[in-house]
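Try each task before you read the solution below it.

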Amino acid sequence: MKKVYSSYDSLMVWHLKNVLEIHGIHPILKGEYLTGVAGEVPPIECWPEIWVLEDSQYDYAREIIETALNSKDSPSQPWKCSGCGEEIDGQFTECWSCGKSHS
Ligand SMILES: [Zn+2]
C-alpha cells in the first residue's frame with residue numbers, strides 16, 4: 001500500500017480520489033475526518049491522504065494525479081455541471097459529484 005497524494009485541501013483530495021476511481025483505481029482515504037475548523041490549515045499530520053492498495057498502481061495513480069493537477073487552469077470561474085447541476089469550483093475540470101468533464 002502506498003500513499004500517492006496528501007493535501008490540506010480536503011476538497012482537492014476528494015476530487016482526486018474521484019478522478020482515480022474514474023480511471024479504475026480504488027484508492028482509500030486516510031485522515032479526512034481529522035480536518036479542522038473551516039478556514040484553518042490543519043497541521044500536516046492531519047492532512048487527508050490518498051493511498052492505493054496495490055503498489056503496482058502507484059505510478060499510474062501518480063500520473064493521473066499529476067495530469068489532474070496540471071490541467072487546473074489559472075484562476076477560472078466556477079461552472080455548473082451539465083450532468084447533475086452541481087456548482088463546481090473553477091480549478092476542477094471534472095464534476096466531483098458525478099465525474100462529468102467540464103466541456
Ligand atoms: Zn455532475
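A residue is called buried under 20% relative accessible area, exposed over 50%, and partly exposed in between, using a 1.4 Å probe and protein chains only. The model is predicted, so local features need pLDDT of at least 70 and side-chain atom pairs count only at pLDDT 80 or more, while totals for chains, interfaces and linings use all residues. Residues are numbered from 1 along each chain as its sequence is written, and side-chain values use heavy atoms, with hydrogens and water left out.

**Exercise 1. Describe the fold of the protein chain along its sequence.**

Step 1. Helices (H or I, at least four residues) and strands (E, at least two) are DSSP runs, numbered from the N terminus.

Step 2. With these rules, the protein chain has 2 helices and 5 strands.

Step 3. Their order along the sequence is β-α-β-β-α-β-β.

Step 4. As for burial, 33% of the 103 residues of the chain count as buried.

**Exercise 2. Find the protein donors of the zinc ion and work out the geometry of its site.**

Step 1. Donors are N, O and S atoms within 2.8 Å of the metal (3.2 Å for Na, K and Ca); water is not among the atoms, so sites may look incomplete.

Step 2. The SG atoms of Cys-81, Cys-84, Cys-95 and Cys-98 are the protein donors, lying 2.3 Å from the zinc ion.

Step 3. Along the chain, these donors have the spacing C-x2-C-x10-C-x2-C. Cys-84 sits in the loop between strand 4 (79-80) and strand 5 (87-88) and Cys-95 in the segment after strand 5, so this pair ties together parts that are 11 residues apart in sequence.

Step 4. Four donors count as tetrahedral if all angles lie between 85 and 135 degrees. Here the angles among the 4 donor atoms are 105 to 117°, and the site is tetrahedral. For reference, the ideal angle for four tetrahedral donors is 109.5 degrees.

Step 5. Now compare burial: Cys-81 is buried at 4% relative accessibility, and Cys-95 is buried at 2%, whereas Cys-84 is partly exposed at 37%.

Step 6. Finally, look for disulfides, meaning pairs of cysteine sulfur atoms within 2.5 Å. A search of the whole structure finds 0 of them.

**Exercise 3. Locate the salt bridges and say where their partners lie.**

Step 1. A salt bridge is a side-chain nitrogen of Lys or Arg within 4 Å of a carboxyl oxygen of Asp or Glu.

Step 2. Searching the whole structure gives 3 salt bridges.

Step 3. One of them joins Glu-49 and Lys-3, with the closest N and O atoms 3.6 Å apart. This pair links distant parts of the chain, since Glu-49 is in strand 3 (residues 49-52) and Lys-3 in strand 1 (residues 2-6), 46 residues apart. Glu-49 is buried at 17% relative accessibility, while Lys-3 is partly exposed at 39%.

Step 4. Glu-21 forms a salt bridge with Lys-17, where the closest N and O atoms are 3.0 Å apart. Both residues belong to helix 1 (residues 10-22), 4 residues or about one turn apart.

Step 5. The side chains of Glu-66 and Arg-62 also meet in a salt bridge, at 2.3 Å from N to O. They are 4 residues apart in helix 2 (residues 58-70), so about one helical turn separates them.

Conventions. Four donors count as tetrahedral if all angles lie between 85 and 135 degrees; four count as square planar and six as octahedral if opposite donors are over 155 degrees apart and all others between 65 and 115; anything else is irregular.
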